[in-house]
Amino acid sequence: GPHVVCANARFGVCKKIVCAKCFVKHGWAWPEDGREIKCTHCAGACPSKARCFVYSRHNAKRKGKEGEAAVGEGEKENGRASKVSKK
């Protein structure tokens with residue numbers, strides 16, 4: 001179906017396209033006269049169900065758990081363990 005290629009594709013930075021269904025679903029205006037647009041990822045406006053958004057959220061949680069596991073014998077501050085500095 002009809003789609004628009006991200007403006008950053010010509011720089012080799014992005015390969016994403018935005019389909020007409022997404023324009024309708026999100027209430028976006030279809031670009032007129034071949035005007036270029038950036039995809040939501042390049043514009044930093046990914047929907048909350050987009051893979052990159054979900055990956056970022058999961059990675060942040062995972063890094064938080066790794067940080068807690070690395071605390072070791074750290075002291076507790078405000079009910080949370082503080083990190084032990086490595087010297």
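Mentor: What follows takes up confidence, the aromatic rings and the salt bridge.

Mentor: This is a predicted model, in which local features need pLDDT of at least 70, side-chain atom pairs count only at pLDDT 80 or more, and totals for chains, interfaces and linings use all residues. Residues are numbered from 1 along each chain as its sequence is written, and side-chain values use heavy atoms, with hydrogens and water left out.

Trainee: What is the average pLDDT of the protein chain, and where is confidence lowest?
Mentor: pLDDT is the predictor's confidence in each residue, from 0 to 100. The chain averages 77, and 75% of the residues score at least 70. Strand β4 (residues 80-81) has the lowest mean, 43, while strand β1 (residues 3-5) has the highest, 91. Strands are DSSP runs of E, at least two residues, and helices are runs of H or I, at least four, numbered from the N terminus.

Trainee: What does the model have for residues 72-87?
Mentor: Their pLDDT stays under 50, and the model has 14 contacts (heavy atoms within 4.5 Å) beyond four places in sequence for them. Where pLDDT is low, the predicted coordinates should not be read in detail.

Trainee: Why is the pair of phenylalanine 23 and tryptophan 28 called edge-to-face?
Mentor: Rings of Phe, Tyr and Trp (its six-membered ring) pair if their centres lie within 6.5 Å; planes under 30 degrees apart are stacked, over 60 edge-to-face, the rest tilted. Here the centres are 5.7 Å apart and the planes 90 degrees, so the pair is edge-to-face. Phenylalanine 23 and tryptophan 30, at 4.8 Å and 65 degrees, are therefore edge-to-face as well. Phe23, Trp28 and Trp30 form one aromatic cluster.

Trainee: What makes phenylalanine 23 buried or exposed?
Mentor: Buried means under 20% relative accessible area, exposed over 50%, partly exposed in between (1.4 Å probe, protein chains only). Phenylalanine 23 has 5%, so it is buried. Tryptophan 28, at 33%, is partly exposed, and so is tryptophan 30, at 35%.

Trainee: How do you know that arginine 10 and glutamate 36 form a salt bridge?
Mentor: The rule asks for a side-chain nitrogen of Lys or Arg within 4 Å of a carboxyl oxygen of Asp or Glu. The N to O distance is 3.1 Å, so the pair qualifies. Arginine 10 lies in the loop between β1 and β2 (17-19) and glutamate 36 in the loop between α1 (20-26) and α2 (51-69), so the bridge ties together parts 26 residues apart in sequence. Arginine 10 is exposed at 59%, whereas glutamate 36 is partly exposed at 45%.
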